[in-house]
Amino acid sequence: MEIVMVGVCLLAMGVCFCLGILKWNEIWYSSKKRLPPGTMGWPVFGETTEFLKQGPDFMKHKRARYGSFFKSHILGSPTIISMDPELNRYILLNEGKGLVPGYPQSMLDILGKSNIAAVHKSDHKRIRGSFLSLVNPYMLKDQLLSKIDKYMRIHLHNLDDKTVDIQKITTNMALLVAFKLLMEIESSSIYEAFKAEFDKLMVGTLSLPINVPGTNYHCGLLARKSLLGILRDIIEGRRNSLMKHNDMLDYLLKEEDQRYKLSDDEIIDQVIMILYSGFETVSTTSMMAIKYLHDHPSALQKIRDEHFAIRGRKKPEEPLDWNDYKSMVFTRAVIFETSRLATVVNGVLRKTTQEMTLNGNVIPRGWRIYVYTREINYDPFLYPEPQVFNPWRWLDKSLESHNYCFLFGGGTRLCPGKELGIVTIATFLHYFVTRYRWEEVGEEKLLKFPRVEAPNGLHVRVSMY
Ligand code: HEM
């Protein structure tokens with residue numbers, strides 16, 4: 001009996017202690033002047049668990065209670081969550097007023113101090129300029145499209161009469177194509193070594209920055225070290241050779257425009273960033289396009305018609321050219337609709353470099369702002385029947401450029417790889433829909449938050465069209 005009593009007392013004390021800490025945490029934050037409404041959860045951990053577990057519902061509940069601009073403590077930092085389209089636009093357009101990218105420490109450590117998300121002002125201008133010189137429309141048209149076409153054919157050959165995991169196919173496709181654009185001649189053994197380390201690096205960037213053996217963060221740092229070794233060897237090899245390679249790495253090494261000249265360390269971070277930033281967005285959009293097209297036969301028929309019309313104008317093995325790409329109007333609409341409906345990007349992170357007033361509230365220096373754009377994708381005024389997959393809505397060109405279309409971000413950080421991403425996905429769809437038909441095998445689970453993924457893969461039975 002006594003033991004039970006002691007147990008009950010300890011439990012009651014424990015509960016009081018926890019409530020006390022929660023209350024103390026709220027009081028501590030409410031002592032700061034004019035913060036937005038909201039709760040901060042536990043010291044250090046904040047409300048991260050609820051946020052990750054409930055995902056979009058966490059945001060919806062908070063918005064119902066506190067409005068579209070509220071505070072929380074997630075992913076290790078006090079954070080303002082902004083779901084207001086107008087305010088989101090203001091934040092994205094005003095980096096100069098002290099609203100700089102605010103990605104987690106683990107990401108910055110693993111992607112390197114010169115990665116584009118870690119640099120501001122003139123350094124950002126220079127590194128972004130270098131980036132754009134690699135992927136601008138002229139490069140796409142004259143150099144990149146033919147390579148994307150070549151490696152897409154190789155990647156998508158021989159799927160006939162097989163059951164395949166589309167998620168695996170699209171992730172491998174996105175990495176292979178980006179790697180070949182960057183370092184075309186490097187051998188397949190270098191690619192395999194690179195890929196193994198790159199997978200670990202990806203996982204590490206989304207982890208808590210605890211540098212202890214066995215943690216994802218530690219593995220990510222080790223992967224970065226290995227990738228630096230591989231890239232330094234490749235760069236040294238190229239410097240000692242007279243051969244011309246005509247790929248992005250050569251272009252970076254021989255950059256003659258002094259405005260965009262990068263040091264070797266910056267080149268390495270740029271290479272890693274090109275692979276990192278395009279990889280998941282391109283692969284998940286491609287995977288979800290296959291899923292949505294499978295579920296919507298009229299859209300599949302329409303996209304097939306578009307691609308067979310292109311093939312009808314060409315010899316059997318003739319690669320795609322720029323005019324073919326430009327004629328893929330419905331395909332582009334499918335890509336935008338997929339990106340919207342699947343919400344490949346939920347939002348972007350910013351950080352205040354000084355105390356500032358936003359929406360009538362005072363935001364302290366160093367706080368994160370989660371510019372949460374997901375809900376805009378389901379706004380019935382912008383997208384009637386928002387839960388319906390309807391690529392036709394994007395045939396109205398003004399939709400791509402409306403003020404609240406943040407599928408590719410906005411302002412000075414607007415995605416510089418947007419067109420390259422669309423060309424890659426469009427080429428993937430071209431070869432997939434003209435070569436194959438596919439049926440889903442079983443009902444695979446699809447997660448949409450915090451990232452779009454099929455935890456057990458997305459299996460389809462493929463046959464020749
Ligand atoms: C469907 C494909 C893609 C989507 C949906 C997408 C989306 C985005 C978004 C939302 C941002 C804004 C991030 C922010 O404001 O913090 C962004 C930035 C960026 N994206 Fe993409 N992206 C795609 C493809 C690509 C590709 C293929 C590349 C590289 C080749 C790329 C490279 C970048 C880079 C480097 C930035 C940072 C720009 C800066 O900080 O100035 N993206 N992207």
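**Strand pairing and the sheet**

Q: Which residue stands opposite Pro101 in strand 5?
A: Arg350 in strand 5 is the residue opposite Pro101. The model is a predicted one, in which local features need pLDDT of at least 70 and side-chain atom pairs count only at pLDDT 80 or more, while totals for chains, interfaces and linings use all residues. Residue numbers start from 1 along each chain as its sequence is written.

Q: In what order do the strands of the open sheet lie, and which are its edge strands?
A: The sheet is built of 5 strands in the order 1-2-8-5-3, with mixed pairing. Strand 1 (69–74) and strand 3 (99–101) are the edge strands, since each pairs on one side only. Neighbouring strands are turned by 35° against each other on average, with direction ignored. Strand 2 (residues 77–82) and strand 8 (residues 368–372) run parallel and are joined by 4 bridges; the bridge partner of Thr79 in strand 8 is Arg368.

Q: Which strands does helix 3 touch where it packs on the sheet, and which does helix 4 touch?
A: Contact here requires that the C-beta atoms of two residues, placed from the backbone, lie within 7 Å; angles run from 0 to 180 degrees between N-to-C directions, along lines fitted to C-alpha atoms, for helices over the stretch in contact. Helix 3 (residues 56–66) touches strand 1, strand 2 and strand 8, and its direction makes about 135° with that of strand 1. Helix 4 (residues 85–93) touches strand 1, strand 2, strand 3, strand 5 (347–352) and strand 8, at about 125° to the direction of strand 8.

**Helices with a buried side**

Q: Why does the span of helix 6 agree with expectation?
A: The expected span is 1.5 Å times one less than the number of residues, which for the 15 residues of helix 6 (residues 121–135) gives 21 Å; the end C-alpha atoms are 21 Å apart, so the two agree.

Q: Which residues of helix 6 are buried, and why are they placed on the same side?
A: A residue is called buried if 20 or more other C-beta atoms lie within 10 Å of its own, exposed if 12 or fewer, and partly exposed in between, with C-beta atoms placed from the backbone. Ile127, Ser130, Phe131, Leu134 and Val135 are the buried residues of helix 6. They cover an arc of only 130° around the axis, and therefore lie on the same side of helix 6; the arc is that of the directions from the helix axis to the C-beta atoms. The face turned away from this buried side carries the exposed residues Lys121 and Ser122.

Q: Why are the buried residues of helix 9 said to line one face?
A: Phe194, Glu197, Phe198, Leu201, Gly204 and Thr205 are buried in helix 9. Seen down the axis, they fall within an arc of 115°, so they line one face of helix 9. On the other side, Ser188, Ser189, Glu192 and Ala196 are exposed. The buried residues pack against helix 5 (105–111), helix 8 (166–182), helix 10 (216–239) and helix 12.

**Single residues**

Q: Why is Asn246 called exposed, and what is its phi?
A: Asn246 has 11 other C-beta atoms within 10 Å, so it is exposed. Its phi is near 60°, a positive value in a residue other than glycine, and Asn246 lies in the loop between helix 10 and helix 11.

Q: What kind of peptide bond runs from Phe449 to Pro450?
A: The bond from Phe449 to Pro450 is cis, with omega near -5°.

Note on methods. Helices (H or I, at least four residues) and strands (E, at least two) are DSSP runs, numbered from the N terminus. Two strands pair if DSSP finds at least two bridges between them.
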